[in-house]
Amino acid sequence: MAKITYVEHGGKEHVVYVANGLTVMEGARDNGIPGIEADCGGACACSTCHVYVDDAWVEKLPAKDAMEEDMLDFAYEPDATKSRLTCQLKVTDALDGLRVQMPEKQI
């Protein structure tokens, strides 16, 4: 399990424990975290689970693959360094303490 902090655009924090093997998106969905819509259900076919990863975590996460890079082009105000799709982040013990910020909106 990993403790993940989801921060809404307005600053409200949601700290939840997410089981290993799930994605960061599934953790948000299963815990009713607002701001992650996940319209495609985790198929990396939209950008509605976009977040900004905390600076301390950018280098600790696996690299983005080409499909995630392409989908981030459709996200609201993507950041070349910090933007990630939560459906592409598989939860492991190594993600314990991860902190992500939701954008103002999902598109």
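A: One term before we start: a residue counts as buried when its relative accessible area is under 20%, as exposed when over 50%, and as partly exposed in between. Also, keep in mind that this is a predicted model.

Q: Got it. How many salt bridges does the structure hold?
A: The structure holds 4 salt bridges. Side chains of opposite charge can pair when their charged atoms come close.

Q: Which residue does Glu 68 pair up with in a salt bridge?
A: Glu 68 pairs with Arg 84, and their closest N and O atoms are 2.8 Å apart. That pair links distant parts of the chain, with Glu 68 in helix α2 (residues 66-72) and Arg 84 in strand β4 (residues 83-85), 16 residues apart.

Q: Is Glu 68 buried or exposed?
A: Glu 68 has a relative accessible area of 1%, so it counts as buried. Arg 84 is buried too, with a value of 5%.

Q: OK, and what does Arg 99 meet in a salt bridge?
A: The side chain of Arg 99 meets that of Glu 13, at 2.5 Å from N to O. Arg 99 sits in strand β5 (residues 99-101) and Glu 13 in strand β2 (residues 13-18), so this pair ties together parts that are 86 residues apart in sequence.

Q: What about Asp 30, which partner does it have?
A: Asp 30 forms a salt bridge with Arg 29, where the closest N and O atoms are 2.9 Å apart. Asp 30 comes out partly exposed at 47% relative accessibility, and Arg 29 is partly exposed at 46%.

Q: Switching topic: which residues of β2 are on its covered face?
A: His 14, Val 16 and Val 18 make up the covered face of β2, while Glu 13, Val 15 and Tyr 17 are on the uncovered one.

Q: Why every other residue?
A: In a regular strand the side chains alternate between the two faces of the sheet.

Q: And what does β2 pair with?
A: β2 pairs with strand β1 (residues 2-7) in the antiparallel sense, over 6 bridges. Within that pairing, Tyr 6 stands opposite His 14 in β2.

Q: How many residues are between the strands in that hairpin?
A: The hairpin of β1 and β2 has 5 residues between the strands, and Gly 11 takes a positive phi near 110° there.

Note on methods
Residues numbered from 1 in each chain as written. Predicted model: local features only at pLDDT ≥ 70, side-chain atom pairs only at ≥ 80, totals over all residues. Heavy atoms only, no water. Helix = DSSP H or I, 4+ residues; strand = E, 2+ residues; numbered from the N terminus. Buried < 20%, exposed > 50% of the residue type's maximum accessible area, 1.4 Å probe, protein only. Pairing = 2+ DSSP bridges.
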